[in-house]
Amino acid sequence: MRFLRPGHHSRKPARTGATWDALSLSNVTYRFGDYTAVKDLSLVIEAGECFGLLGPNGAGKTTIIRLLTTLLPLQDGDASIFGYDVRTQSMAVRRLLGYVPQQLSIEGALTARENVTWFARLYDVPRSERRSRVNEILEMVDLGDVADRVASSFSGGMVRRLELAQALVNRPSLLVLDEPTVGLDPVARDSVWTHVTEMQKQYKMTVLLTTHYMEEAETLCDRVALMHRGELRAVGSPSGLVAELHPAATLEDVFRHFTGDSLASDEKGGLRDVRSARSTAHRLG
Ligand SMILES: Nc1ncnc2c1ncn2[C@@H]1O[C@H](COP(=O)(O)OP(=O)(O)OP(=O)(O)O)[C@@H](O)[C@H]1O
Ligand SMILES: [Mg+2]
């Protein structure tokens with residue numbers, strides 16, 4: 001279970017005039033025992049932005065996401081989502097979030113409809129709206145026709161779209177996607193992103209995503225952050241970062257510049273291995 005059912009509504013904090021940033025991290029440090037996975041990281045994401053967190057395996061991307069989604073407790077520093085304090089107002093934070101984790105989040109023995117309905121209940125979608133909301137979101141991700149098939153019969157691309165439906169059924173203000181297209185073929189990847197951008201427009205969502213595909217980040221993200229060994233090395237628009245490096249550079253060059261060529265090889269055996277090992281279809285068995 002990813003988010004617990006909130007027992008009560010936390011009150012919204014008082015506004016100070018300006019609208020809230022979607023996300024604010026200030027001097028966040030996180031340690032797993034002796035190992036520092038996130039080092040003194042500060043970052044602000046504005047409402048409505050599509051923001052990409054980029055970096056090699058082990059950079060700390062998922063750790064940041066787990067801190068923001070309240071799945072890991074904040075140690076040092078502060079974080080807030082639309083003005084709600086992640087440490088003290090975690091229930092309010094969870095209500096605003098939709099989250100597609102790096103790991104598989106669907107139950108293969110349940111149908112697509114059952115999977116999404118389960119999330120609708122978890123996220124307190126009102127009972128009277130549940131059925132229509134579940135149908136609507138399944139249609140939106142093109143799973144309406146297969147809604148009553150068990151998820152274990154789905155392809156990797158269908159699984160990812162089903163996970164997207166789960167994350168969107170509560171109409172989140174901030175959609176967090178941790179490598180949503182890993183292991184998918186190019187057509188399935190395009191399909192996931194088409195649905196994300198459509199829904200971003202429709203629900204005016206802020207999107208925080210991670211991906212190892214630089215071309216995806218370049219196309220989708222208003223801004224990206226290059227993360228390496230727990231630290232932010234650069235933040236900016238893809239075109240701005242590219243222009244700063246070299247007139248003929250690509251975002252992949254920017255990545256290599258700030259992360260020391262880690263895209264091609266890393267301690268865990270390289271992206272190619274990770275990609276194939278994490279194929280969603282494969283994980284479902
Ligand atoms: N539960 C844990 N216990 C100990 N160390 C951990 C734990 N989770 C993550 N780490 C370590 O923290 C570092 C950051 O991991 P994280 O999963 O945040 O990286 P990432 O940027 O998401 O990488 P990837 O691209 O492979 O998903 C890694 O060195 C990882 O081994
Ligand atoms: Mg990760």
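The model is predicted, so local features need pLDDT of at least 70 and side-chain atom pairs count only at pLDDT 80 or more, while totals for chains, interfaces and linings use all residues. Residues are numbered from 1 along each chain as its sequence is written, chains are lettered from A and ligands numbered from 1 in the order in which they are written, and side-chain values use heavy atoms, without hydrogens and water.

**Magnesium site**
- Thr-62 (OG1) and Gln-102 (OE1) coordinate the magnesium ion, ligand 2, at 1.9 to 2.2 Å.
- Donors are N, O and S atoms within 2.8 Å of the metal (3.2 Å for Na, K and Ca); water is not among the atoms, so sites may look incomplete.
- Thr-62 sits in helix 1 (residues 61–68), and Gln-102 in the loop between strand 6 (97–100) and helix 3 (112–122), 40 residues apart.
- Helices (H or I, at least four residues) and strands (E, at least two) are DSSP runs, numbered from the N terminus.
- Gln-102 is buried at 9% relative accessibility, whereas Thr-62 is partly exposed at 22%.
- Buried means under 20% relative accessible area, exposed over 50%, and partly exposed in between (1.4 Å probe, protein chains only).

**Ligand 1**
- The shell around ligand 1 holds 16 residues, and Asn-57, Gly-58, Lys-61, Thr-62 and Thr-63 come nearest. A shell residue has a heavy atom within 4 Å of the molecule.
- Helix 1 gives the most to this shell, with three residues.
- A polar side-chain atom of Thr-63 lies 2.6 Å from an oxygen atom of ligand 1.
- A side-chain N or O atom of His-212 is 3.0 Å from an oxygen atom of ligand 1.

**Nonpolar cores**
- The largest nonpolar core has 54 residues; Ile-137, Leu-162, Leu-175 and Leu-177 touch the most other members.
- Helix 5 (residues 156–168) supplies the largest share of this core, seven residues.
- A nonpolar core is a set of buried Ala, Val, Leu, Ile, Met, Phe, Trp, Tyr and Cys residues joined through side-chain atoms within 4.5 Å.

**Positive phi**
- Asp-124, a residue other than glycine, has a positive phi near 65 degrees. Asp-124 is in the loop between helix 3 and helix 4 (127–140).
- Glu-179, also not a glycine, has a positive phi of about 50 degrees. Glu-179 lies in the loop between strand 7 (174–178) and helix 6 (186–203).
- Asp-124 is partly exposed at 24%; Glu-179 is buried at 5%.

How values were computed. Polar contact = N/O pair within 3.5 Å; in protein donor to acceptor, adjacent residues only side chain to side chain.
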